[in-house]
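Here are some friendly notes to read alongside the model. Please keep the structure open as you go through the points.

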Amino acid sequence: MPKLSVILPVYNERPKFMENAIQSILNQTYRDFEFLIIDDASESYVGEIINSYKDERIVYVRLEQNSKICAALNQGIEQSLGEYIAIMHSDDFSIRSRLEKQISVLESNVNIGLVNSYSLIKSGNKSQLNRPFLDQNFEKLYLKYVGNNIIHPNVMIRKSVLQENGISYNEQFVYAEDYRMWIDIMPFCDFCTIPEVLTIYNLNVNPNRQNKEYMEKCRKVILLENYMNLLNSYSDKFNSLIAMVWTKGKIKYLDYMNMKKDIIPQILDKVKSDLSAKQFLEFKNYLSNTIEDFNRFKKDNDDIRTFL
């Protein structure tokens, strides 16, 4: 039985990028894995390309109808045999040592449930370095209250964390399914960032995963939920706050009053004891940069209310 399962969802991909992605996994220095390629009812050329590979580690699964990325990922996890799950995208590239270095981290510390690394993000002729925080406490705070800085096809997860806590990819958060996943597993395990570039992330290559408007709505819903969870711990201090009410998965009413005055100081007070003075200042700056965005929520209210 393989130690690791690599899951690659595909749907009508550009052949050159898909072939590079597949080959980057097959060329890994770590060899003990199964490679589940989940075809989300693509056109026939996709299956022809996948079937052209004769590597016995490849397990080709074709879904009967297009079900979107969350369903494809969940199908891969359900069929996986490995103790660990590595995610790959069809238009990205894994450095040869990626799997070896990530699995080494998980093998050395049973408390770690998610390991990622630095990534090189490419967009046309431009590139930039994505560096999640090395301090997991700071990284988790950033994810909860600022946004997602973990690249999806740069992650390896301990499967038992998902199984023991009934966690899967949430199909209501297509295009932000990774961010939702990090938030869901966060309470149950430690995170670790390897300070090396182990993946190349090609931005804007695949139109199937580009829906920026929907992605932004998902991000706002996740952040709102996290802010409300934090505020609930101060419920006796926020009698004047109009709460966000969820009914059948829909936001029926939302108003944050004066966020800058009432909410940000409480968040900073909540996390101050968990961070060093330098980290606290950095986090404060990050958080302050989100105030303007959150203060636009009243304008976005009607749109956000109908989401989900």
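Predicted model: local features only at pLDDT ≥ 70, side-chain atom pairs only at ≥ 80, totals over all residues.

1. Let's start at Val61, which is in contact with Ile37, Ile38, Asp39 and Gln79, leaving aside neighbours within four places in sequence; contact here means heavy atoms within 4.5 Å. Val61 has its place in strand β3. Helices (H or I, at least four residues) and strands (E, at least two) are DSSP runs, numbered from the N terminus. At 12% relative accessibility, Val61 counts as buried, where buried means under 20% relative accessible area, exposed over 50% and partly exposed in between (1.4 Å probe, protein chains only).

2. Residues are numbered from 1 along each chain as its sequence is written, and side-chain values use heavy atoms, with hydrogens and water left out.

3. Next, helix α1, residues 15-26. Met18, Ala21, Ile22, Ser24, Ile25 and Leu26 are the buried residues of α1. They pack against β1 (4-10), β2 (33-39), α2 (44-51), β3 (58-62) and β5 (93-94).

4. Helix α3 also has 12 residues, and reaches 17 Å from its first C-alpha to its last, close to the 16 Å expected. Its buried residues are Cys70, Ala71, Ala72, Leu73, Asn74, Gly76 and Ile77, and these pack against β1, β2, β4, α6 and α7. Take a look at Asn74: its relative accessible area is 16%, and it touches Ser168, Tyr169 and Glu171, not counting residues up to four places away in sequence.

5. Which residues touch the most other members of the largest nonpolar core? Among its 38 residues, they are Ile7, Leu114, Leu143, Met181, Trp182, Ile185 and Phe191. Such a core is a set of buried Ala, Val, Leu, Ile, Met, Phe, Trp, Tyr and Cys residues joined through side-chain atoms within 4.5 Å. Elements that each supply at least two residues of this core include β2, α3 and α8 (212-232). A second, separate core of 31 residues includes Leu4, Val6, Tyr53 and Met88.

Terms used:
Expected span 1.5 Å × (residues − 1).
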